[in-house]
Amino acid sequence: AFFACGCVGLQGTRSLARRFCPGYTIPEQLVVLVVAGLVSYIFDLHETTGLAVVGEVPPGLRAPSLPDMSRWAELLQAAVTIAAVNFVLSAQVALSLGGMHGYKACPSQELVALSLASAAGCLVGSLPPSASFSRSALLGTLNVGSPIHNLVSAAVVIVCATLLYKTVAPLPHAVLASIIVIALRSMMQFSRARFYFKVSRTEFSVWVASFIVTLALVSLRAN
């Protein structure tokens, strides 16, 4: 229910903003998050209904330190596998967005960026860096056109982790999922489905089944 409400809220906020505030950019994602967080907090929906929420976020930031290299041989195989998968995913995201927006993507540049991000991230115990279709789609809906947004995102994360970690606790997972699904609409290539339908009904059936199952899993996990 919260997933559907989130989708309707995003579409409704966007429509109202275009109608009544045509000269201004209203971040409908932020509006929906604030409203959903307040409703979840006021009515304590996590305790009363079992609604899945972000929950407690560990406060503070980890101090930079050199990683423990004593287990490098044990982790080498897994590290190489993760690095290869992340590179392929990042290159695919870059090529897809390049084709959609008319610019040439460079996989080697993605590899250099991932390498530098991994080297810096290991000092603070971060997860392996990787591109994200959902995040890229969300940035597309916000009309982001400069890499400076990464600095803004990092600053917001730092503020949330050090000062506002309690305010994000009641945010429902379902609403976060609805933001991602709405943002991903711009990256859904239905022309590919039409191509599969003309070429092979079997391939078309696989595409439809994958689309439905993925969408269903996102909403179910969010709830």
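Trainee: Which helices do the buried residues of helix 4 pack against?

Mentor: In this predicted model, the residues of helix 4 that count as buried are Asn86, Ser90, Ala91, Val93, Ala94, Ser96, Leu97 and Gly98. An α-helix has 3.6 residues a turn, so residues three or four places apart point the same way. The partners against which the buried residues of helix 4 pack are helix 5 (107-121) and helix 6 (133-141).

Trainee: How far apart are the end C-alpha atoms of helix 4, and what span should its residues give?

Mentor: Helix 4 covers residues 72-101, which makes 30 residues, and at 1.5 Å a residue these should span 44 Å. The helix also bends by about 30° at Ala78, and just after helix 4 the residue Gly102 takes a positive phi of about 80°.

Trainee: What is the orientation of helix 4 to helix 5?

Mentor: Two packed helices are described by the angle between their axes and the distance between the axes. For helix 4 and helix 5 the axes come within 9 Å and cross at roughly 130°. Angles from 65 to 115 degrees would count as roughly perpendicular and those over 145 as roughly antiparallel, and therefore the orientation of helix 4 to helix 5 is oblique.

Trainee: What is the handedness of the crossing of helix 4 and helix 5, and which residues of helix 5 make the contact?

Mentor: The crossing of helix 4 and helix 5 is right-handed. On the side of helix 4, the contact is made by Asn86, Phe87, Ser90, Ala91 and Ala94. On the side of helix 5, the contact is made by Pro107, Glu110, Leu111 and Leu114.

Trainee: Is Asn86 buried or exposed?

Mentor: Asn86 lies in helix 4, and once its neighbours within four places in sequence are left aside, this residue is in contact with Leu114, Pro128, Pro129 and Ser130. Its relative accessibility is 14%, and because the cut-off for buried is under 20%, Asn86 counts as buried.

Trainee: Are helix 2 and helix 8 roughly parallel or roughly antiparallel to each other?

Mentor: Helix 2 (residues 28-42) and helix 8 (residues 173-184) have axes that come within 10 Å and cross at roughly 165°. The contact is made by Gln29, Val32, Leu33 and Ala36 of helix 2 and by Val175, Leu176 and Ile179 of helix 8, and helix 2 passes helix 8 in a right-handed crossing. Because angles over 145 degrees take that label, helix 2 and helix 8 are roughly antiparallel.

Trainee: What is the relative accessibility of Glu28, and which residues does Glu28 touch?

Mentor: Glu28 is placed in helix 2, and it counts as buried because its relative accessibility is 8%. Not counting residues up to four places away in sequence, Glu28 touches Leu10, Thr13 and Arg14.

Trainee: How far apart are the C-alpha atoms of Gln11 and Gln29?

Mentor: Gln11 is found in helix 1 (residues 2-20), and at 29% relative accessibility this residue counts as partly exposed. Leaving aside its neighbours within four places in sequence, Gln11 is in contact with Ile182 and Arg185. Gln11 and Gln29 are 18 residues apart along the chain, and their C-alpha atoms are separated by 9.8 Å.

Trainee: In the chain, what percentage of the contacts with a separation of 6 or more comes from residues 24 or more positions apart?

Mentor: The chain has 10 helices and zero strands, and its C-alpha atoms fill a box of roughly 55 × 55 × 40 Å along the principal axes. Of its 223 residues, 23% count as buried. Among the contacts with a separation of 6 or more, the share from residues 24 or more positions apart is 75%.

Note on methods. Residues are numbered from 1 along each chain as its sequence is written. This is a predicted model: local features need pLDDT of at least 70, side-chain atom pairs count only at pLDDT 80 or more; totals for chains, interfaces and linings use all residues. Side-chain values use heavy atoms; hydrogens and water are left out. Helices (H or I, at least four residues) and strands (E, at least two) are DSSP runs, numbered from the N terminus. The expected span of a helix is 1.5 Å times one less than its number of residues. The bend at a residue is the angle between axes fitted to the seven residues ending there and the seven starting there. Buried means under 20% relative accessible area, exposed over 50%, partly exposed in between (1.4 Å probe, protein chains only). Contact means heavy atoms within 4.5 Å. Axes are lines fitted to C-alpha atoms, for helices over the stretch in contact, and angles run from 0 to 180 degrees between N-to-C directions. Angles under 35 degrees count as roughly parallel, over 145 as roughly antiparallel, 65 to 115 as roughly perpendicular and the rest as oblique. A crossing is left-handed if the near helix is turned anticlockwise from the far one by less than a right angle, and right-handed if clockwise.
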